Structure formats: C-alpha cells, structure tokens
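Try each task before you read its solution.

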Amino acid sequence: MNLREFLSDRLGRMAGQLACAAGAVCFLWATGTRTGVLTLLVLADLVLFLLVQTADYLRLRAHLAELEKILADLDEKYLFAECIPKPKSAYERKLFALNRRAGKSMLETVSQARSAQWAYREYVESWVHEIKTPITAARMLCQGLEGERRRKFLQELAQIEAHVQRALYYARAESPERDCLIRQTALSELVAQAIQAHQTFLIQSGVRVEMEDLPYTVYTDEKWAGFLLGQLLQNAARYRREDPVIRITARPLGQKVALRVEDNGLGIPAHELPRVFDRGFTGSNGRARGASTGMGLYLCQKVAGFLGLDLRLEAEEGKGTSVSVSFPGKEEVTKS
C-alpha cells in the first residue's frame, strides 16, 4: 500500500475528523476563547492528527508486507488463510473467521479434486495394463493371416497401442514428478528405442528412417523423452506423402544438445502453426485424415515443459515438418 492508496481509503474518515475539529474551534471562538489559545489548540490537534495517521499508515504497510512475505514463502498458496497471524480488532477477527471458513471449503474442494484425479489416474493405468493382454492376443492371432490382410491388421493394432500409450501418459502428465527420473542417457539409444517402439507402424506406413551418428550424451528421463520422440515419429508417419522419409540428426548447442526430427510429409499451413500445441487442435491435415485426436503435440509440449526441453516446430505446407528438441546440459539439470 502506498501513501496515495492510504489517503484515498481514509479520505472520508479524515474529512470527518477535520470537520469535527473545525466545529470545536468555532464553538470555542464563539464562547470567547482567546485567539492565542485557539491557535495552540489547532496546532496541537493538527500535529496529533498527522502523527496518528502516519503511525496508522506505517502499521498497515508493515502488516501488508508481512502478509506478502508469508504468501511468497508458501508453496501451496491456497494455505494462506491458515498461516496468517490472527487480527486484533473485533471486526477483523470476524472477517478473518469468514475467510477461514471460505478457505476451509476451498481446501476440501481441492482435496476432493485431487483424490478424484488420483483415482482416475490409477484407473487409466490399470486399464492400460489390462488392455495390453487382448492386444497381445490379437497380435498372436494375426500371425495366422497372410498378405494385405495381415499388414492392415498389424497397422491397426499399432495404432491402438499408440492411442493406449497416449492415454496412459496423458493421465500421468498431471503429476509427472511421481514417475520421472533424470539421468545420463546416450542419445543414440534413446532414439533407437523410440524407433523400435513404433517400428510396426513405420514399416506398415512405408516410412524410411535416416539417422545420422548421434555421439552425444543427454540428461533426461528415458521413458518420458522416448514417449515424446515416439509422438513425433507417429505424426511424421501419419501425415506422410509418397516415398516418406524421416531424418534424425543432432548437434551441440553450447552446453545443450539439439535433436532434430525432419520429414518430407504434408507440412502444416502457416496460419495453423501458432495453434499446433493447443490441446485438441487437429488442423486441416488431421480433419482430412480423420484419425487425429489433437493430443500428440499437446502432450509433447507438456512433457518438454517438465523435462526442461526446448521444443520448437517449423513447417511448410506441402514440403514437410521439422521439430527441434534441445536437451539441457548437465549444469542446468544439477541446478534445477
């Protein structure tokens, strides 16, 4: 609170006090009080008035500074009402009690929402593990098929697995710190694992993957980073053109390592680029292909956020898409 705000808030009260003082002076003057005495009384009253207002202003400013510090030190800001000191005046105590009741209600709502979220996550994870059994059985049954039917069947199974995995990571992305372990990882192994995890869909889609030597070490969580790379591979394969190629390269960028995933697919219209990371945004290509959920790049950005990755996308309609993923250096990971 600055002085201007304080004066604006107390203007009515101050005007009333000064009016009462002026009335008292007029009464004393009318009853024959000497001018010298009136002057001393006015000066004393004015000094006392200024001292009281200054002390009140300094007290309020110090109290607000204390409250701001308490709020700044709290990790869970909604606990503010539980941590502030109790006020002294009766009015403020009543107001404080009302705020406490409101805060308690909010805490109960937050707790219920977290419990529901956790229950939903556990259900999704359980469902994912259960659905893997019929998927595996269907893959085994597919061995008895031949030719084009077998190829299409395997391609659809690969898509089902990709959607199931996406649902699992979407549920886990709400609290990724519970399932995240940052450690030193060979970039070549990370990329190879992502390709292997999606090789069925890549092969069935006729996509050729060109990967340069990746002699770099990065610091990340293998599982989450592998999921992110898998989504990029899935997108490149899904929005392909004739003779589809995915080229994966890397280069040092100061202490960071920048991994680049390029394709020669459909690309993205320029006016859609600002929205590609929005949740549920499918774009013209997604609507044309009819298989897009609009969740892939949204999850990629969310994963990149908590892993400390710099994710950037460039695309030109009809020529392809390029996504750059910059992994943080060892010092950045240590500081965080």
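Two strands count as paired if DSSP finds at least two bridges between them. Keep in mind that this is a predicted model.

**Exercise 1. Work out the strand order of the open sheet and find its edges.**

Step 1. Follow the pairing from strand to strand: five strands give the order S2-S4-S5-S7-S6, and the pairing is mixed.
Step 2. Look for strands that pair on one side only; these are S2 (208-211) and S6 (310-316), the edge strands.
Step 3. Check the twist, which averages 15° from one strand to the next.

**Exercise 2. Decide for S2 with S4, S4 with S5, and S5 with S7 whether the strands run parallel or antiparallel.**

Step 1. Recall that strands of a sheet pair through backbone hydrogen bonds, either parallel or antiparallel.
Step 2. Start with S2 and S4 (residues 245-253): they run parallel and are joined by four bridges. Within this pairing, Glu210 has Arg247 in S4 as its bridge partner.
Step 3. Move on to S4 and S5, which are antiparallel over eight bridges. Here Ile246 sits opposite Asp263 of S5.
Step 4. Inspect the connection: S4 and S5 make a hairpin with two residues between them, and Gly254 in the turn has a positive phi of about 70°.
Step 5. Finish with S5 and S7, antiparallel over six bridges, where Glu262 faces Ser322 in S7.

**Exercise 3. Find which strands helix H8 touches, and give its direction relative to S7.**

Step 1. Select H8 (residues 222-238), which packs on the sheet and touches S4, S5 (256-263) and S7 (320-327).
Step 2. Compare directions: that of H8 makes about 170° with that of S7.

**Exercise 4. Classify Gly267 and Tyr91 as buried or exposed.**

Step 1. Locate Gly267 in the loop between S5 and helix H9 (283-289).
Step 2. Apply the cut-off: buried means under 20% relative accessible area. Gly267 has 5%, so Gly267 is buried.
Step 3. List its contacts, leaving aside neighbours within four places in sequence: Gly267 meets Asn285, Glu316, Glu317, Gly318, Gly320 and Thr321.
Step 4. Turn to Tyr91, which belongs to helix H4 (residues 90-141). Its relative accessibility is 64%, so Tyr91 counts as exposed.

**Exercise 5. How many residues apart in sequence are Gly267 and Tyr78, and what is their C-alpha to C-alpha distance?**

Step 1. Count along the chain: the separation is 189 residues.
Step 2. Take the distance in space between the C-alpha atoms: 44 Å.

Notes
Residues are numbered from 1 along each chain as its sequence is written. This is a predicted model: local features need pLDDT of at least 70, side-chain atom pairs count only at pLDDT 80 or more; totals for chains, interfaces and linings use all residues. Side-chain values use heavy atoms; hydrogens and water are left out. Axes are lines fitted to C-alpha atoms, for helices over the stretch in contact, and angles run from 0 to 180 degrees between N-to-C directions. Contact means heavy atoms within 4.5 Å. Buried means under 20% relative accessible area, exposed over 50%, partly exposed in between (1.4 Å probe, protein chains only).
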